[in-house]
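Student: Hey, can we go through this structure together? I'd like to start with pockets.

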Amino acid sequence: MTTRKKYTRKFKDEAVELFLASDLPITQVAAKVGVKAGTLGNWIKKYREENPDKFDTGEQESVSFAEHQKVVAENAKLKQEIEFLGKVSAFFAAKQQ
């Protein structure tokens, strides 16, 4: 049976801050500090919950309903164009055979 390691709050915070300060993936940072990636991921999640002010990106931008509707209509138009181009492409591919 393996014994469970206990890490100090300072160690956990330093590991999280190392991850946040680097451009490295969790797996690489975890290997550097000697813990599993899942463990470091849990520490990062808890750190973010306890320190939301460090991750606050400001107010979320809201979109007006009219602007939303405009984008939805444009999306529908583009889907129709894609469908049409697919049919045209299939028609000419069949014609060449």
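Student: Which element gives the largest share of the lining of the largest pocket?

Tutor: That's α3, with 3 residues of the lining. Helices here are DSSP runs (H or I, at least four residues; strands are E, at least two), numbered from the N terminus. A pocket is found on a 1 Å grid over the protein atoms alone: an open set of points where a 1.4 Å probe fits, with protein on both sides within 12 Å along at least five of seven lines. Lining residues have an atom within 4 Å of a point.

Student: Is this an experimental structure or a predicted one?

Tutor: It's a predicted model, so local features need pLDDT of at least 70 and side-chain atom pairs count only at pLDDT 80 or more, while totals for chains, interfaces and linings use all residues. Residues are numbered from 1 along each chain as its sequence is written, and side-chain values use heavy atoms, with hydrogens and water left out.

Student: OK, back to the pocket. What is its volume, and which residues line it?

Tutor: The largest pocket has a volume of about 360 Å³, meaning the space filled by probe spheres set on grid points joined across faces, edges and corners. Its lining includes Thr 3, Arg 4, Tyr 7, Val 35, Thr 39 and Trp 43.

Student: How many of the lining residues are charged?

Tutor: 5 are charged, next to 3 nonpolar and 3 polar. Asp, Glu, Lys and Arg count as charged; Ala, Val, Leu, Ile, Met, Phe, Trp, Tyr, Cys and Pro as nonpolar; and the others, Gly among them, as polar.

Student: New topic. Which residues are in the largest nonpolar core?

Tutor: It has 10 residues, among them Phe 19, Val 29, Leu 40, Trp 43 and Tyr 47. A nonpolar core is a set of buried Ala, Val, Leu, Ile, Met, Phe, Trp, Tyr and Cys residues joined through side-chain atoms within 4.5 Å. Buried means under 20% relative accessible area, exposed over 50%, and partly exposed in between (1.4 Å probe, protein chains only).

Student: And which helix gives the most to this core?

Tutor: α3 does, with 4 residues, though α1, α2 (26–33) and α3 each supply at least two.

Student: What does Val 29 touch?

Tutor: Leaving aside neighbours within four places in sequence, Val 29 is in contact (heavy atoms within 4.5 Å) with Ala 15, Leu 18, Phe 19, Ser 22, Leu 24 and Leu 40.

Student: How many salt bridges are there?

Tutor: The count is 4, where a salt bridge is a side-chain nitrogen of Lys or Arg within 4 Å of a carboxyl oxygen of Asp or Glu. Arg 9 pairs with Asp 13, with the closest N and O atoms 3.8 Å apart. Both sit in helix α1 (residues 9–21), 4 residues apart, about one turn of the helix.

Student: What about Arg 9 and Glu 50?

Tutor: Their side chains meet in a salt bridge too (3.8 Å, N to O). Arg 9 lies in helix α1 and Glu 50 in helix α3 (residues 37–50), so this pair ties together parts 41 residues apart in sequence.
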